[in-house]
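Please look over the structure shown here, and then follow the questions and answers about its helices.

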Amino acid sequence: MKSPVRKMFDGIASRYDFLNHFLSCYQDVLWRRYCCKRLKKMVSAGLLAEKSQAVESQDKTPRDLNKVRLLDLCGGTGDFANTFRKIFESGYKCGCACKCVSENKASRNFVVDPAVIGDFSYGMLAEVKPKKIDAHAVQLDAMKMPFAERQFDVILNGFGMRNVPDARGALLESYRVLDAGGYLCVLEFFSPRNLFNKFFYKVLAPLFIPVMGAFFSGKREAYEYLVNSIIRFLPVDQFCKMAEECGFEVKQVKMFDGGISFGVFLHKPGNA
Ligand SMILES: C[S@@+](CC[C@H](N)C(=O)[O-])C[C@H]1O[C@@H](n2cnc3c(N)ncnc32)[C@H](O)[C@@H]1O
């Protein structure tokens, strides 16, 4: 039987991207870009270390270190995977005041293997095709993925952890399919902790998000769910603790816009 969450995402899929950008005033685009730029730096540094280790030990043939195997988990319409490819393959001139242009010139570029965009909503995955992303859309459950161990170098999870019934299960499963030395980046709305965020999520958001969602998608309940799921989810520090219990090292926690969202960068140790 279809889960109610899956049915809900199927129902809003065609308006999902537009509403994401509109409700976040395009901040979601900047958050994804930041995450991909940080990941590029982390992966560059990690792979260079792996290469020099392999050369030193000489008994191990290094795999093609310019290639990145990407899984966009709970990837929905594929926006995160699309941003990742642009940034990893050619740099990305976003025109903002940040240092990204010079940073990207300085860092190496990669070849991203056809990405895997994994999601349990067929409706969301159907929106990937018109974007012509070099990716395979795979219908899957984040807590039980149809992949062998160590298949990916990077896993993205944009606003998905909060939606799975068992975040620990999804973390463990991500750890299993991630190669040693790989990264999991979780971009998420965590349960509010400070006064500003409590006010935003408990007072402001319930007033305007369901109304806007209903106006543009006709699905008020989906946008009520969005706000409630944030309040019900873990605070970011508890999520990081859980990730550590699952074997990850927490490399960085980046707060966006005063804590409206966070980017959590997790690393699977190279000797795991
Ligand atoms: C808020 S959307 C995020 C989509 C996209 N990652 C983004 O950055 O916009 C959450 C996605 O998680 C998916 N999802 C929820 N539970 C899931 C599960 N157990 N397994 C796989 N996907 C799931 C939903 O279908 C939905 O597409």
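Q: Which residue just after α9 takes a positive phi?
A: This is a predicted model, in which local features need pLDDT of at least 70 and side-chain atom pairs count only at pLDDT 80 or more, while totals for chains, interfaces and linings use all residues. Residues are numbered from 1 along each chain as its sequence is written. Helices (H or I, at least four residues) and strands (E, at least two) are DSSP runs, numbered from the N terminus. Just after α9, a positive phi of about 110° is taken by Gly247.

Q: Why do the buried residues of α9 lie on the same side of the helix?
A: In α9 (residues 236-245), Val236, Phe239 and Ala243 are buried (20 or more other C-beta atoms within 10 Å of the residue's own, against 12 or fewer for exposed and in between for partly exposed, with C-beta atoms placed from the backbone). They are on the same side of α9 because they cover an arc, taken from the directions from the helix axis to the C-beta atoms, of only 60°.

Q: Which residues are exposed on the other side of α9?
A: The buried residues of α9 pack against α6 (167-177), β8 (249-256) and β9 (261-267), contact being C-beta atoms, placed from the backbone, within 7 Å. On the other side of α9, the exposed residues are Asp237 and Glu245.

Q: Where does α1 bend?
A: Helix α1 (residues 4-23) has 20 residues, yet its end C-alpha atoms are only 23 Å apart, short of the 28 Å that a straight helix would reach at 1.5 Å a residue. With the bend taken as the angle between axes fitted to the seven residues ending at a residue and the seven starting there, α1 bends by about 70° at Ala13.

Technical notes. Contact = placed C-beta atoms within 7 Å. Expected span 1.5 Å × (residues − 1).
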